[in-house]
Amino acid sequence: MTITLYELQPSPHARKVRLLAAELGIPLNKVPVDPRIGETRTSEFLAKNPNGRVPTLEEDGFVLWESPAILKYLSAKHPERCLCGADAKTQALVDQWICWWVGGPEAAMDALAWEMLIKPKVLNQPGFDPGIMEDARARLNRFLPVLDKQLADRDYIVGPLTVVDFLIGPRFDSAPALLDIDISPYKNIDAWLGRLHAKPYWKDA
């Protein structure tokens with residue numbers, strides 16, 4: 001059946017889905033939905049995703065939102081690739097790193113994006129709240145060394161390539177420049193990103 005992805009092209013969360021689909025050779029019917037002009041707040045879209053957010057995936061009447069869940073769903077279509085883990089321990093580690101990323105570094109990046117981009121440029125509200133930004137940067141300074149250490153002796157975050165790499169990697173393509181995050185001290189993260197960027201579809205997905 002056709003898999004439809006409702007997305008905003010610049011969204012790093014939507015890009016995660018496009019990249020994993022490219023890795024797995026899964027075609028997507030991509031439908032642009034722009035929250036900046038209210039397209040995610042229509043009754044039709046809210047019936048699919050009551051949060052009014054992208055990405056949202058739909059297949060044969062089944063609707064799924066939240067990018068980690070979407071990544072795991074797509075991965076399950078190709079169990080031979082084992083991108084959610086080939087055994088119980090690896091699967092648990094995949095879930096561990098998903099929880100760590102969503103609740104830690106990505107939440108901090110989202111806080112910065114809200115203050116630096118969304119408030120001033122989309123909502124026409126004052127941004128750059130110093131307390132919020134200081135807290136977000138402190139969290140990144142706490143969490144990014146954890147990721148860098150994890151990658152010290154591994155090609156990918158869990159060891160083999162998994163959905164975790166697709167969940168985390170794309171955010172580093174734009175966040176450092178857009179959010180003024182210096183990742184130059186993290187040599188292992190940089191080497192890991194190089195391995196992801198070498199994938200033939202990475203630039204264009």
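Predicted model: local features only at pLDDT ≥ 70, side-chain atom pairs only at ≥ 80, totals over all residues.
Leaving aside neighbours within four places in sequence, glutamate 23 is in contact with Arg81, Leu83, Leu161, Phe166, Lys199 and Tyr201.

Arginine 18 lies in helix H1 too. With a relative accessible area of 6%, arginine 18 is buried. Its side chain reaches the backbone oxygen of glutamine 9 at 3.2 Å. Not counting residues up to four places away in sequence, arginine 18 touches Leu5, Glu7, Leu8, Gln9, Leu28, Lys30 and Ala205. Helix H1 itself spans residues 12-24 and lies across strands E1 and E2, running at about 155° to E1.

One of the contacts of arginine 18 is leucine 8, a residue in the loop between E1 and H1. The relative accessibility of leucine 8 is 15%, so leucine 8 counts as buried.

Apart from neighbours within four places in sequence, the contacts of leucine 8 are Ala14, Arg18, Val33, Asp34, Pro35, Arg36 and Val54. For aspartate 34, the separation from leucine 8 is 26 residues in sequence, while the C-alpha to C-alpha distance is 5.7 Å.

## The four-stranded sheet

Four strands form an open sheet in the order E2-E1-E3-E4, and the pairing is mixed. Strand E2 (29-32) and strand E4 (62-65) each have a single partner strand, so they stand at the edges and one side of each is left without a neighbour in the sheet. On average, and with direction ignored, neighbouring strands of this sheet are turned by 20° against each other.

Strand E1 (residues 3-7) runs parallel to E2, and four bridges join the two. E1 pairs with E3 in the antiparallel sense, over four bridges. Leucine 5 has a bridge partner in each of these strands: lysine 30 in E2 and leucine 57 in E3. Both Leu5 and Lys30 are also among the residues touched by arginine 18.

E3 and E4 run antiparallel and are joined by four bridges. In E4, valine 63 is the bridge partner of glutamate 58, and leucine 64 is the residue opposite leucine 57. The two strands form a hairpin with two residues between them. Aspartate 60, in the turn, has a positive phi of about 50°.

Which residues of E3 are buried on each side? Thr56 and Glu58 are buried on one side, and Leu57 and Glu59 are buried on the other, so both faces of E3 count as covered, with buried meaning under 20% relative accessible area. Helix H3 (residues 67-76) lies across E1, strand E3 (56-59) and E4, and runs at about 130° to E4.

## Helix H4: span and start

Helix H4 comprises 16 residues, 88-103. From its first C-alpha to its last it reaches 22 Å, close to the 22 Å expected at 1.5 Å a residue. Aspartate 87 caps the N-terminal end of H4, with a side-chain oxygen 3.1 Å from the backbone nitrogen of lysine 89.

Which residues of H4 are buried? They are Thr90, Val94, Trp97, Ile98, Trp100 and Trp101. These residues cover an arc of only 165° around the axis, which puts them on the same side of H4. An α-helix has 3.6 residues a turn, so residues three or four places apart point the same way. On the other side of H4, Ala88, Lys89, Cys99 and Gly103 are exposed.

The packing partners of the buried residues of H4 are helices H1 and H3, together with helix H5 (105-122), helix H6 (130-150), helix H7 (163-168) and helix H8 (171-179).

Methods
Residues numbered from 1 in each chain as written. Heavy atoms only, no water. Pairing = 2+ DSSP bridges. Axes fitted to C-alpha atoms, helices over the stretch in contact; angles between N-to-C directions. Contact = heavy atoms within 4.5 Å. Buried < 20%, exposed > 50% of the residue type's maximum accessible area, 1.4 Å probe, protein only. Expected span 1.5 Å × (residues − 1). Arc of directions from axis to C-beta. Polar contact = N/O pair within 3.5 Å; in protein donor to acceptor, adjacent residues only side chain to side chain.
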